Amino acid sequence: MSTSIKLMLAAGLLFLASGCASEQRVIEPPSASNERIETVGKNPAILNLNSVPQIETIQVGDTLSYEEALAKALLENPQLESFAWQIRVKEAERIQSSLLPNPEVEAEMENFGGTGPFEGMKSRETTIRLSQKILLGADRMKRKRVAGLNQKLAGWDYEIQRLNVLFEVTKAYITALEAMQQFQQQQDLLEVSQQFAETVSSQVEAGKVSGLEQTKAEVELSQARIQTEKMRTRMEAAFGNLASFWNSQSPAFKTLDGILNEPDQEIPGYEFLLGLINQNPDVARWATEIQQREASLSLERAKGLPDLKISGGYKRVEDVNAGAAIVGISIPLPFFDRNQGNVKAARYNLNKAEAQRESKETEVVRALQESYQTLEAAWYEVNQLKKNVLPGAEKAYEAAQTGYREGKFDLLDVLDAQRTLFSSRTSYIEALADYHRAVADVERLIGQPLNEISPTE
């Protein structure tokens, strides 16, 4: 091959490859331990999660705070890490979709090694051709747009999973707090039962009451010990469930920092909360989904336009010792395949996405209605227990103890008052936990903390 042909071929390859090279860039792998993927679109401030510290590691001590639990789940939850990798996959696909088709080089030699005038190499003809496909339907830019929207959808999916993880951690932390407070209350009951059993024993020794009452007090004490152990097991199970969100086989913490707070404001109206469901990422993502389906339909239509291929090269004829340039063009004839099937499928997928968006909105509305009713019921129960039930139970218990010491009431009256008091306290802790879990449910559905909403709204 002559030097001029080599130079022409090299220059052509360099020119055609320059457009491809300009689209490439280095992709850094994600790190779930030190990188926070930003949300595509509006980032809801649900549960004040944006205040979670973005640090590399979380060392858990004997006491685990709510913020530490959220941060540790963000950093070490394996399912969340897989969604972060999915964003990188879609980013790589977007880069690939923007690249030009590779040029083709074709070399051909004919009229040699035959018979007669074509014997040997004297009559050979050598052709070198460089060709490039030209995308007439603008499908390169359309592919890039579809891939870009796929990347945004991966961002939405990550945000949904991130909120799901934090939402589940929140509910697990509430349940663990509930179990811890129930265990602490049961310890108080065990201590009270122990003291009361000792009091009855002293009265039996003094001859003031019969031995049967001591037996009843000891039975009550044994039941309190059994219930305390059950509460301890329940608390340890709740701690283990909480630690599982950062893939821990056994919790390193021994206690939780915090208590189940009482409601400090009125619940916003249902109609107002209903107007906030568009902030829910499960709903908000469908705007991007429909854009992606529309872009896919546009791409399939563009694929129906045939792409042409142009070529150019050099031909050398040895027997006349001459050469010449050659050019060519190739155009497919869309007689049978105009991509009409894929266009129709893309249109159906767009219609499907619109129906799915309506279905998701209906699903969220139904879930909000149920969660709001649960929230209202829990809020009412908490307030009634606090204002009416607990004060009355405490007063009755104190009166029963005083009356027993004075001989006005028997042991069964005291035990009944004691059970009523601690049963009311148990119900109060359960109601508080139900209230906070309902708050978390509603916040997840509206994408906004309830404490940022004025009760007047």
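Leaving aside its neighbours within four places in sequence, Trp246 touches Leu64, Ala69, Lys72, Ala73, Glu76 and Phe253, where contact means heavy atoms within 4.5 Å. The model is a predicted one, in which local features need pLDDT of at least 70 and side-chain atom pairs count only at pLDDT 80 or more, while totals for chains, interfaces and linings use all residues. Residues are numbered from 1 along each chain as its sequence is written, and side-chain values use heavy atoms, with hydrogens and water left out.

Trp246 also belongs to the largest nonpolar core, which has 58 residues and in which Leu242, Trp246, Leu256 and Leu273 touch the most other members. Such a core is a set of buried Ala, Val, Leu, Ile, Met, Phe, Trp, Tyr and Cys residues joined through side-chain atoms within 4.5 Å; buried means under 20% relative accessible area, exposed over 50%, and partly exposed in between (1.4 Å probe, protein chains only). Helices 2, 3, 4, 5, 8 and 9 each supply at least two residues of this core, and its largest share, 13 residues, comes from helix 4. Another core, of 17 residues, lies apart from it and includes Leu189, Val192, Val200 and Leu411.

Helices (H or I, at least four residues) and strands (E, at least two) are DSSP runs, numbered from the N terminus. Beyond its neighbours within four places in sequence, Ser371 is in contact with Ala438, Asp441, Val442 and Leu445.
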